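User: I'd like to learn how to read a protein model, one feature after another. Could you walk me through this one?

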Amino acid sequence: MAKPVLYYCPRTRAETAMWMSEELGGVCDIKIVNLKTGDHKKPEFLKINPMGKVPALTHDGVTVTESAAICVYLADAFADKGFAPALNDPKRGAYYRWTFYAPSCIEPMMLDKLGGVKRENSMAAGYGSEEDVLKSLDVALSAGPYILGDNVTAADIVMGSLLNFATMFGAIEKKGKIADYIDRMTARPAYAKMQEISAKYAADLGYE
Ligand SMILES: N[C@@H](CCC(=O)N[C@@H](CS)C(=O)NCC(=O)O)C(=O)O
């Protein structure tokens with residue numbers, strides 16, 4: 001099998017996909033898409049992701065965009081590494097649920113909060129309200145130590161990465177279960193490896 005190619009820029013959501021790749025043993029080749037020089041809006045990259053955003057992944061003729069989708073794709077492509085429950089495992093439900101809850105509900109809530117956007121109609125807002133999100137998050141983190149219980153999966157990389165950002169920027173308070181979970185996830189060697197690689201690219205490209 002050819003190696004997947006991860007289209008990446010340091011200090012972006014591409015770090016979540018790189019973290020996933022490192023959990024699996026550094027399975028991706030990295031292709032830099034430098035946002036500072038506008039690589040992401042050039043025709044060559046727009047053919048891969050018409051959004052003109054990183055990350056993106058290509059692999060054996062398949063293109064995947066969206067960081068959560070890339071994490072899920074990689075976990076399935078390297079299923080022997082155990083980062084996704086089997087297709088017939090009932091845990092697959094919770095796996096999908098919380099993997100997509102992060103970008104579908106937590107992230108929009110976070111962006112609204114940081115941008116000072118007030119939703120008048122919580123019935124129409126996909127995430128409901130901040131209170132709803134925090135209550136659901138409490139459920140997601142209640143099995144512990146990971147979302148599906150004892151085994152870390154791609155759902156944790158997506159959730160861990162987003163919660164780390166959300167607390168760093170003050171959108172969610174880092175306390176209790178959330179704090180324990182973030183500390184557990186960011187203590188993982190693959191997170192440290194991703195940080196090391198990203199720091200190097202960031203320095204080389206002048207992102208610090
Ligand atoms: N929903 C996408 C968001 C990707 C995204 O917004 N990437 C930002 C960097 S963090 C980007 O490429 N921005 C460049 C631009 O929009 O011009 C994902 O999760 O992958």
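User: Of the contacts in the protein with a separation of 6 or more, what percentage comes from residues 24 or more positions apart?

Analyst: Two residues are in contact if their C-beta atoms, placed from the backbone, lie within 7 Å. In this protein, residues 24 or more positions apart account for 62% of the contacts with a separation of 6 or more. Please keep in mind that this is a predicted model: local features need pLDDT of at least 70, side-chain atom pairs count only at pLDDT 80 or more, and totals for chains, interfaces and linings use all residues. Residues are numbered from 1 along each chain as its sequence is written.

User: How many helices and strands does the protein have?

Analyst: Helices (H or I, at least four residues) and strands (E, at least two) are DSSP runs, numbered from the N terminus. Here there are eight helices and four strands, in the order β-α-β-α-β-β-α-α-α-α-α-α from the N terminus on.

User: Is helix H1 mostly covered or uncovered?

Analyst: A residue is buried if 20 or more other C-beta atoms lie within 10 Å of its own, exposed if 12 or fewer, and partly exposed in between; these C-beta atoms too are placed from the backbone. Helix H1 (residues 14–23) is mostly covered, with ten of its ten residues buried; Trp19 and Met20 are among them. Its buried residues pack against strands S1 (5–8) and S3 (56–59), and against helices H3 (67–77), H6 (154–168) and H8 (189–205). Across the protein, buried residues make up 36% of the 208 residues.

User: Which residue follows H1, and what is its phi?

Analyst: That is Gly25, with a positive phi near 105°. Positive phi also turns up in residues other than glycine: Arg11 has about 60° and Asp60 is near 50°. Arg11 lies in the loop between S1 and H1, and it counts as partly exposed because it has 14 C-beta neighbours inside 10 Å. Asp60 sits in the loop between S3 and strand S4 (62–65) and counts as exposed, with 9 such neighbours inside 10 Å.

User: Where is the peptide bond cis, with omega near 5°?

Analyst: Look at the bond from Val54 to Pro55; Pro55 is in the loop between helix H2 (43–46) and S3. Another cis peptide bond joins Gly144 and Pro145, with omega about -5°, and Pro145 is in the loop between H5 and H6.
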